[in-house]
Amino acid sequence: MKEIIFVGRSNVGKSTLITAITGKKLPAGKRPGVTRKPRQVPYQDIQITDMPGFGFMSGISDKSMDAIKDNIVHYIEKNAGNIAFAVMVVNAGSFAQIVDRWNSRNEVPVEVELFEFLHEMGIDVVIAANKIDKIDDVDVTLDGIAERLGMIPPWKQWLDVIVPVSAKKGKIRDLRNVMQNRLEAMRKK
Ligand SMILES: Nc1nc2c(ncn2[C@@H]2O[C@H](COP(=O)(O)OP(=O)(O)OP(=O)(O)O)[C@@H](O)[C@H]2O)c(=O)[nH]1
Ligand SMILES: [Mg+2]
């Protein structure tokens with residue numbers, strides 16, 4: 001069955017967002033590392049997969065965190081043929097800072113690495129800029145996210161790729177629409 005995978009750093013709100021979209025209650029929590037294995041939820045005639053987050057998790061060794069990242073990559077490689085597209089969830093408020101910190105150490109940030117990996121696998125990526133309820137200047141924040149993923153600002157040129165959401169406040173209409181458009185385009189093929 002076709003699936004939409006939700007990926008991203010730990011604690012960005014993937015599970016909360018899937019609950020808001022599907023109505024299926026998934027474990028979510030204040031500490032990173034709540035979701036440890038891919039979990040499928042039915043959505044229309046396909047499924048949404050809630051992936052574990054990568055990056056820091058409380059109470060987990062570096063080795064286990066690497067293993068989780070390997071599992072994510074593995075899952076994507078194995079299921080690439082079934083993946084309709086990916087929703088990469090980012091924390092709108094901290095994304096730019098995290099990317100800049102990694103870049104200043106001459107390292108490729110994990111989220112950028114994942115974004116590129118998905119493209120290499122031929123998987124389309126939608127960016128859900130979550131926790132937008134905590135942002136004062138939404139345009140500046142979204143321009144910053146676009147730029148760091150290689151999309152030339154203003155972000156409004158990328159309305160079908162970058163979507164502000166608040167999983168917590170249930171502000172998910174734009175994401176639903178973007179997902180729907182992609183699914184319809186896919187069904188017509
Ligand atoms: N302010 C705000 N908080 C949010 C939003 N979405 C999720 N959160 C909170 O962020 C925390 C993490 O949410 P989860 O859904 O568990 O995040 P996750 O990405 O699934 O985390 P892992 O499973 O650990 O990778 C929880 O405390 C949520 O209540 C949002 O839109 N706004
Ligand atoms: Mg989760």
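Student: Why is Ser15 called buried in this predicted model?

Tutor: Ser15 has a relative accessible area of 9%. Buried means under 20%, so Ser15 gets that label.

Student: And what makes Thr35 buried or exposed?

Tutor: Go by the cut-off again: buried is under 20%. Thr35 comes in at 14%, so Thr35 is buried.

Student: How do you know that Ser15 and Thr35 coordinate the magnesium ion?

Tutor: Look at the distances. Ser15 (OG) and Thr35 (OG1) sit at 2.0 to 2.2 Å from the magnesium ion, ligand 2. A donor has to be within 2.8 Å of the metal, so both atoms count.

Student: What makes that pair a tie between parts of the chain?

Tutor: Ser15 belongs to helix 1 (residues 14-22), while Thr35 is in the loop between helix 1 and strand 2 (39-43), so parts that are 20 residues apart in sequence are tied together.

Student: Why does Thr35 also count as a polar contact of ligand 1?

Tutor: A polar side-chain atom of Thr35 is 2.8 Å from an oxygen atom of ligand 1. The limit for a pair of N or O atoms is 3.5 Å, so the pair qualifies.

Student: Which side chain has an N or O atom 2.9 Å from an oxygen atom of ligand 1?

Tutor: That's Lys131. Ala167 has a contact at 2.9 Å too, but through a backbone N or O atom.

Student: How much of ligand 1 does the protein bury?

Tutor: Taken alone, ligand 1 exposes 660 Å², and the protein buries 92% of that.

Notes. Residues are numbered from 1 along each chain as its sequence is written. Chains are lettered from A and ligands numbered from 1 in the order in which they are written. This is a predicted model: local features need pLDDT of at least 70, side-chain atom pairs count only at pLDDT 80 or more; totals for chains, interfaces and linings use all residues. Side-chain values use heavy atoms; hydrogens and water are left out. Donors are N, O and S atoms within 2.8 Å of the metal (3.2 Å for Na, K and Ca); water is not among the atoms, so sites may look incomplete. Helices (H or I, at least four residues) and strands (E, at least two) are DSSP runs, numbered from the N terminus. Buried means under 20% relative accessible area, exposed over 50%, partly exposed in between (1.4 Å probe, protein chains only). A polar contact is a pair of N or O atoms within 3.5 Å; within protein, one must be able to donate a hydrogen and the other to accept it, and residues adjacent in sequence count only if both atoms are side-chain atoms. Accessible areas come from the Shrake-Rupley method with a 1.4 Å probe; for residues, only the protein chains shown count as cover.
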